[in-house]
Amino acid sequence: MSGTGARDLFTTMLRIRRFEERCVELYSAGAIRGFLHLCVGEEAVAAGVLAALSAEDAVVSTYREHGHALARGVPMESLLAEMFGRVTGCSRGRGGSMHLFDASRRFYGGNAIVAGGIPVAVGLALADRLRARPRVTACLFGDGAVAEGEFHESLNLAALWHLPVVFCCENNRYAMGTALARSHAETDLALRAGSYGVRSWAVDGMDAVAVREATALAVDTARAGGGPCFLELRTYRFRAHSMYDADRYRDRAEVEAWRLRDPVELLAADLTADGLLDDAGRKELEEAVGREIDEAERAAEAAPVEPVEDLTRFVTTTMDPEVAR
Amino acid sequence: MTVTAEPRTLTFREAFREGLREALAGDDRVFLMGEDVGRYGGCFAVSQGLLEEFGEERVRDTPLSESAFVGAGIGAALGGALPIVEIMTVNFAMLALDQIVNNAATLRHMSGGQLSVPLVVRIPTGPGRQLAAQHSHTLEGWFAHVPGLRVVAPATLEDARGMLATALADPDPVLVFEQIGSYGVRGELAADPGPVDLDRAAVRRAGSDVTVVAYGGTLAPALDAAAELATGDLSAEVVDLRTLRPLDTATVLESVARTHRLLVVDNAWRTGGPGAEIVARVAEEALDELDAPVERIGAVEVPVPYARQLEEAALPSVGRIVEAARRAVA
């Protein structure tokens, strides 16, 4: 990978990290409500996976998707506006943190039912196959989804039909508060995916460059007609499951051990060693990211909310008379 | 749609198949997928011959993975295809509830109008074949509960053939509930039935003494009952709802305004069922029109049993409809 590529990955990760930190403040201040799931610690997955896709490819994600949306290029302002419940939000305030959508960037959410997006990703790939379009669908989900039937049904279907899906399992080792080993008899997720005839790899999910390279290989394989691929991206979330979570199920020592492998700082160190980032450069980047977030927050705050009169819009294309009653 | 000069005699199975064939032939974005729809020809032989005619890409046999293939239908619809997904029976649709309720019905709204799911799901349904409790329930009303879905129940040959085309033209998800018991029933298809309107209920038999509201599997017994009542000088008007969501309340209210008596016939259990919704709307909007308490027939509240006499006792019948109509006008 070129130095520019690694530097871009770093910028993306820093934007995600600082964005999530701001979300914590805004949640604590009551500006963001509902559930808020942050991806601090998992930035290398978002940056690496999304960097390997082209604009024509599709992305299906989960409720922990701020990083995926940012890395896909969804503007920060529309994400914050969504979380503030504003009409300028990427889902017009109908979705919130868990349901970020951007059809223009083929970003299909934002699914808050664990594994619920996986069959949809298979279908997006099927549509491409039927129209002979050389596009790939990347489907991101957590390790918890591997326990769901929809995961297994979908892997079989995608493999059976040889569809161009890249299944990206963001394995942060916990399904909410339940450790992988407490809910899976076989914890080698790539091994299990492989049993469906899907090419599968385990990847260091704290190494953004490795994630990008593995995803690029999977995307190339799928695009070339090699069928679906599965990536187990081994990572860790540094914060609790959601803002409601007291995080009583993890050892402090475990969390601290993983923090030593902070993906942002790991890449920063590599860039510094390669002469691609120095203190001044880091400071400059931090300031630019800070400004971007400040501006996004200001714009989102100033944006109007959707009038209550519009409550029943977008249920169906033409107004459902039941909704209008 | 094929325009024929003369009325034709055919079965519901053939009418449904004609609708499928015309949809597949008319738009190359349309494809059919489901369990046994291809090589087997459809569990109820509805899609017989379509694999041979349209090929493996457009008539796709799926694994027994209802959630995955319904979800794949949603994704394919998002991706610009026009999928027709068949779920073998409504009972198996329970395995795809997540995709239907949490995705198909919500994506447009949750995305602020950005996404559209032009998906059609065909779901055979209906009791009466001694198949016991896991193959005989009438659960259409569950789906009619959900905003974002359209739920239709073809009960005539014209609707059996024509509803699919209208459903496919709808940019939102449509569930088509086909009566398994009707597949082998033969009847006469109108010469040029024209396009089917999914927004309106239909008065299938005009009458003046009592309004009988039915849909799907209860239309035929309701019409039989009306014929029997006519021999006793009682004139029943039979309304076929056709669409459970959105409900065409106006047609029901207009009929009640003519007859002033209401009987609702439904194969579903009465508690919380579509019949309850009809009665509630008439009570809300036309209580003054009623000259007698409403009559409501549904399935007896048991899981539908196997033994013939027990199953028959559990379900609405022509005899029960006749009795209820007589009570309504007494």
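In chain B of this predicted model, helix 9 (219–231) and helix 12 (308–314) each supply at least two residues of the lining of the largest pocket. Helix 9 of chain B gives the largest share of that lining, namely 4 residues, and the pocket as a whole has a volume of about 560 Å³.

**The largest pocket**

- The lining of the largest pocket consists of 24 residues, and those that lie nearest its centre are Q179(B), G217(B), A220(B), P221(B) and N267(B).
- Both domain 1 (8–189) and domain 2 (202–329) of chain B take part, since the lining of the largest pocket draws at least three residues from each of them.

**Cavities**

- Rolling a probe the size of a water molecule over the atoms shows where empty space is left.
- The count of cavities of 30 Å³ or more comes to 7, and the largest cavity holds about 60 Å³ of space.
- The largest cavity is lined by F16(B), L20(B), R122(B), P154(B), D159(B), A160(B), M163(B), L164(B), V176(B) and E178(B), a set that divides into 7 nonpolar residues, no polar residues and 3 charged residues.
- Helix 1, helix 8 (157–169) and strand 7 (174–179) of chain B each contribute at least two residues to the lining of the largest cavity, and helix 8 of chain B gives the most, with 4 residues.
- Helix 1 of chain B runs over residues 12–26, and its 15 residues reach 21 Å from the first C-alpha to the last, which is close to the 21 Å expected at 1.5 Å a residue.
- Strand 2 (residues 107–111) of chain A provides the largest share of the lining of the second largest cavity, 3 residues, and the lining divides into 6 nonpolar residues, 4 polar residues and no charged residues.

**Aromatic pairs**

- A pair of aromatic rings is described by the distance of the centres and the angle of the planes.
- Over all chains, the count of aromatic pairs comes to 10.
- The pair of F35(A) and Y244(A) is edge-to-face because the ring centres are 5.6 Å apart and the planes stand at 90°, an angle over the 60 degrees that this class requires.
- This pair links distant parts of the chain, with F35(A) in the loop between helix 1 (3–28) and helix 2 (43–51) of chain A, and Y244(A) in the loop between strand 8 (229–234) and helix 10 (252–259) of chain A, 209 residues apart.
- F35(A) counts as partly exposed at 45% relative accessibility, whereas Y244(A) counts as exposed at 60% relative accessibility.
- F141(A) and F230(A) form a tilted pair, with 6.4 Å from centre to centre and 45° between the planes.
- This second pair also links distant parts of the chain, as F141(A) lies in strand 3 (residues 137–142) of chain A and F230(A) lies in strand 8 of chain A, 89 residues apart.
- F141(A), at 3% relative accessibility, counts as buried, and F230(A), at 0% relative accessibility, counts as buried too.
- Elsewhere, ring pairs link Y174(A), Y236(A), Y249(A) and W258(A) into a cluster.

- Helix 12 of chain A has 24 residues and reaches 34 Å from its first C-alpha to its last, close to the 34 Å expected at 1.5 Å a residue.
- Residues buried in helix 12 of chain A include G281(A), R282(A), L285(A), V289(A), I293(A), A296(A), E297(A) and A300(A).
- T312(A) has its place in the loop between helix 12 (279–302) and helix 13 (321–324) of chain A, and with a relative accessible area of 23% this residue is partly exposed.
- The C-alpha atoms of T312(A) and V323(A) are separated by 6.4 Å, and the two residues are 11 residues apart along the chain.

Technical notes:
Residues numbered from 1 in each chain as written. Chains lettered and ligands numbered in written order. Predicted model: local features only at pLDDT ≥ 70, side-chain atom pairs only at ≥ 80, totals over all residues. Heavy atoms only, no water. Expected span 1.5 Å × (residues − 1). 1 Å grid on protein atoms, 1.4 Å probe; cavity = no way out; pocket = protein on both sides within 12 Å on 5 of 7 lines; lining within 4 Å. Points joined across faces, edges and corners; volume = space filled by probe spheres on them. Domains from an automatic or database assignment. Phe/Tyr/Trp six-rings, centres within 6.5 Å; stacked < 30°, edge-to-face > 60°. Buried < 20%, exposed > 50% of the residue type's maximum accessible area, 1.4 Å probe, protein only. Nonpolar A, V, L, I, M, F, W, Y, C, P; charged D, E, K, R; others polar.
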